[in-house]
Amino acid sequence: MGSAAENSSSDPQISAVIFDLDGTLLNTEDVTKNVLKNFLAKYGRVQDSEKERKRLGMTFKESSLTIVDDYDLPLTTEEYVKEILPMYQGTWLLAKPLPGANRLMRHLHKHGVPFGLASNSLRKNIEGKISHHDGWKDNFNVILGSDEVKSGKPAPDLFLEAAKRMEMDPSCCLVIEDSVVGVKAGKAANMKVVAVPSLENESDSYSIADSILHSLLDFQPEHWGLPEFDDWVDNALPTEPILLTGVLSNGLFQAHSDNGLPDLPSQIWGLHIGWAKLDGQVSKAVISISSKKTIQPCLLDGDHDASHDNGIQLLLVGYLRRSCTLSMQGNTLNSPEIVDEDKVTADAALDLPEFSHKLFEC
């Protein structure tokens with residue numbers, strides 16, 4: 001990951017933010033990833049991960065055309081869309097906001113900073129994805145789908161139209177994107193771009209972005225002339241709880257899921273704090289998560305043997321400020337090392353009600 005550069009005094013003041021949707025604000029990729037696989041199996045085809053990689057960020061129309069062609073399906077594009085769209089729609093209600101998404105939108109809304117949504121999805125599909133997320137539809141100043149402009153990303157049309165409808169100069173807009181085609185569109189629109197890559201192992205492809213972050217939890221508004229977050233509790237940030245169930249083996253956590261969906265969201269990394277339930281005991285914990293999703297919990301109290309397989313639950317409830325520093329330094333390839341400073345911060349924070357382990361009490 002590259003580091004985020006602060007705005008220089010000569011840069012235009014950022015006055016508005018434009019978000020992408022899928023993979024940036026909403027974790028649709030994880031809940032829909034088996035839809036195409038299952039669809040292709042009905043026609044005796046096997047999904048090719050390399051072919052799918054190139055489709056990241058495409059418009060729905062473009063993606064549909066290439067899928068029919070790449071897999072030599074005995075369908076017209078229209079027939080393919082008619083058959084597969086209901087399968088996708090059935091999964092959208094399962095998609096959760098990505099880490100830091102709600103926090104950032106609430107912050108911008110609180111401070112009167114206009115923000116819009118510009119997605120390569122069709123407008124009606126955008127509505128279906130965001131309608132059950134409280135406040136999302138009402139708080140966006142503008143919502144645009146690729147069917148409302150001449151060309152979708154990587155053309156700049158979506159972002160330029162969003163800026164126009166918000167009555168903002170493009171140079172004063174900040175784009176937040178997860179795909180390479182989205183980053184290219186933002187730069188083509190003469191906007192500043194923050195990339196939060198969906199493809200962790202292809203972060204070099206995002207090099208034209210002005211800033212590259214692991215997740216929206218690492219976003220620092222003040223670097224763009226926007227109001228600073230005021231929700232840190234000393235050096236820890238309360239986050240929406242994430243409950244993980246799995247096995248602790250040789251000090252590493254191996255997750256498993258009852259419903260076949262990943263419990264750990266995409267684009268999560270860094271030093272988290274929370275609670276571990278092991279052998280019926282609840283312990284404070286610092287949890288290190290690498291870009292490859294290696295999870296290493298450090299239990300702060302209790303006498304637990306982590307050298308052999310044990311069933312364990314982890315409840316992530318906070319994020320350490322030091323993670324933002326590490327991300328800014330580009331130090332994101334390996335598991336962040338847990339140091340004594342992190343343990344002290346976690347021990348104090350986890351005594352506060354903001355970091356409660358009440359989910360363990362249900």
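Predicted model: local features only at pLDDT ≥ 70, side-chain atom pairs only at ≥ 80, totals over all residues.
Colleague: Where do I start? How many helices and strands does the protein chain have?

Modeller: Start with the inventory. This chain has eleven helices and twelve strands. Then look at burial: of the 362 residues in the protein chain, 52% are buried. Contacts come next. Among those with a separation of 6 or more, 70% join residues 24 or more positions apart.

Colleague: Okay, now helix packing. At what angle do H3 and H4 pack?

Modeller: Look at two things, the angle between the axes and how far apart they are. Helix H3 (residues 60-70) and H4 pack at about 110°, and their axes are 9 Å apart. That angle makes H3 roughly perpendicular to H4, because 65 to 115 degrees counts as roughly perpendicular. On the H3 side, the contact includes Phe 60, Leu 65 and Val 68, and on the H4 side it includes Tyr 80, Val 81 and Leu 85. Sorted by class, the H3 and H4 contact has seven nonpolar residues, two polar ones and no charged ones.

Colleague: And H4 with H6, are they roughly parallel or roughly antiparallel?

Modeller: The axes of H4 (residues 77-92) and H6 (residues 123-130) come within 9 Å and cross at roughly 30°. So H4 is roughly parallel to H6, because angles under 35 degrees count that way. The crossing is right-handed. Here Leu 85, Gln 89 and Trp 92 of H4 meet Asn 125, Gly 128 and Lys 129 of H6. By class, this contact of H4 with H6 has two nonpolar, three polar and one charged residues.

Colleague: Let's turn to single residues. Is Ser 283 buried or exposed?

Modeller: Check the relative accessibility. Ser 283 has 1%, so it counts as buried, because buried means under 20%. You'll find Ser 283 in strand E10 (residues 281-289). A polar atom of its side chain lies 2.7 Å from the backbone oxygen of Asp 301.

Colleague: What about the backbone? Which residues should I click on?

Modeller: Look at phi and omega. Asn 190 is not a glycine, yet its phi is positive, near 65°. Asn 190 sits in the loop between helix H9 (180-188) and strand E5 (192-195), and is exposed at 53% relative accessible area. Lys 293 also has a positive phi, about 65°, without being a glycine. Lys 293 is in the loop between E10 and strand E11 (295-299), and counts as partly exposed at 28%.

Colleague: And where is the cis peptide bond?

Modeller: From Lys 153 to Pro 154, with omega near 15°. Pro 154 belongs to the loop between strand E3 (142-144) and helix H8 (157-165).

Methods:
Residues numbered from 1 in each chain as written. Heavy atoms only, no water. Axes fitted to C-alpha atoms, helices over the stretch in contact; angles between N-to-C directions. Helix = DSSP H or I, 4+ residues; strand = E, 2+ residues; numbered from the N terminus. Parallel < 35°, antiparallel > 145°, perpendicular 65-115°, else oblique. Left-handed = near helix turned anticlockwise from the far one by under 90°. Contact = heavy atoms within 4.5 Å. Nonpolar A, V, L, I, M, F, W, Y, C, P; charged D, E, K, R; others polar. Buried < 20%, exposed > 50% of the residue type's maximum accessible area, 1.4 Å probe, protein only. Polar contact = N/O pair within 3.5 Å; in protein donor to acceptor, adjacent residues only side chain to side chain.
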